[in-house]
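Hi,

Here is the structure I promised to pass on to you. Have a look at it first, and then read my notes below.

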Amino acid sequence: MFWEEQTVNSFDDSLEKTKGVCVFPIGCIEKHGNHLPLGTDVDTARGIAARAAKLEEVMIFPSWPLGMGREGGHKAGTISVSGQLQLQVMQEIFAEMSRNGYKKIVLCSGHGGNNDFLNFLTQTCLEKRLDYVLYYPQCLRITPQQHQYL
């Protein structure tokens, strides 16, 4: 189920059905050759999250379109925002997810360039006591054998 499709009245039921697990799809708006849309990584992350939700009922947060894409920042259509700003905004979003009852937050990245940043982000969560847990299973590093379960 998708966060943005909930109503105020359905939210509590959704929280109970998902057992407080929320998937945060993260992509990147950048060039993927001349033949693919700029939002390919965003679509990939959201697609992985949606497929996972078919196996286990989870809440899917609206897709985050900003990724680590500085190397292609000069290409038309690419959106590149500093890691420092992303870190701060993501931490605020996680706090809001938690305030709304989602205490298990799963990062799902559709952009390989996010891996180091997201590893760093998860490490920063160890610096102080939080009332939620952040998981980063690195969806893009799934082996062909694991693919059968998606």
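Of the 150 residues of the protein, 43% count as buried, where buried means under 20% relative accessible area, exposed means over 50%, and partly exposed lies in between (1.4 Å probe, protein chains only). The protein exposes about 8,700 Å², and carbon and sulfur atoms supply 54% of that area; accessible areas come from the Shrake-Rupley method with a 1.4 Å probe, and for residues only the protein chains shown count as cover. Taking contacts with a separation of 6 or more, residues 24 or more positions apart account for 72% of them. A contact here means heavy atoms within 4.5 Å.

Before the details, please keep in mind that this is a predicted model, in which local features need pLDDT of at least 70, side-chain atom pairs count only at pLDDT 80 or more, and totals for chains, interfaces and linings use all residues. Residues are numbered from 1 along each chain as its sequence is written, and side-chain values use heavy atoms, with hydrogens and water left out.

On to the fold. The protein has five helices and four strands, and along the sequence they follow the pattern α-β-α-β-α-β-α-β-α. Helices (H or I, at least four residues) and strands (E, at least two) are DSSP runs, numbered from the N terminus.

The four strands form an open sheet with parallel pairing, in the order β2-β1-β3-β4. The edges are taken by β2 (59–60) and β4 (133–135), each of which has a single partner strand, so one side of each is left without a neighbour in the sheet. Two strands pair if DSSP finds at least two bridges between them. Strand β1 (residues 21–26) pairs with β2 over two bridges, and Val23 stands opposite Ile60 in β2. Between β1 and β3 there are six bridges, again in the parallel sense, with Val21 opposite Lys104 in β3. Three bridges join β3 and β4; there, the bridge partner of Ile105 is Leu134 in β4. Strand β3 is mostly covered, as five of its six residues are buried.

Helix α2 (residues 40–55) touches β1, β2 and β3 (104–109), and its direction makes about 155° with that of β1. Helix α3 (residues 83–99) touches β1, β3 and β4, and its direction also makes about 155° with that of β1. For these angles, axes are lines fitted to C-alpha atoms, for helices over the stretch in contact, and the values run from 0 to 180 degrees between N-to-C directions.

Phe11, Ser14, Leu15 and Thr18 are buried. Seen down the axis of α1, its buried residues fall within an arc of 100°, so they line one face of the helix; the arc is that of the directions from the helix axis to the C-beta atoms. What covers the buried residues of α1 includes β1 and β2. The face turned away from the buried side carries the exposed residues Asn9, Asp12, Glu16 and Lys17. Just after α1, Lys19 takes a positive phi of about 55°.

Finally, the aromatic rings. A search of the whole structure finds eight aromatic pairs. Rings of Phe, Tyr and Trp (its six-membered ring) pair if their centres lie within 6.5 Å; planes under 30 degrees apart count as stacked, over 60 as edge-to-face and the rest as tilted. The rings of Trp3 and Phe61 have their centres 5.0 Å apart and their planes at 70°, so the pair is edge-to-face. Trp3 lies in the segment before α1 and Phe61 in the loop between β2 and α3, 58 residues apart. Both are buried, Trp3 with a relative accessible area of 18% and Phe61 at 15%. Phe24 and Phe94 form another edge-to-face pair, at 5.5 Å centre to centre and 85° between the planes. This one links strand β1, which holds Phe24, to helix α3, which holds Phe94, 70 residues apart. Phe24 is buried at 0% relative accessibility, and Phe94 is buried with a relative accessible area of 0%. Ring pairs link Trp3, Phe11, Phe24, Phe61, Trp64, Phe94, Tyr102 and Tyr132 into a cluster.

Best wishes
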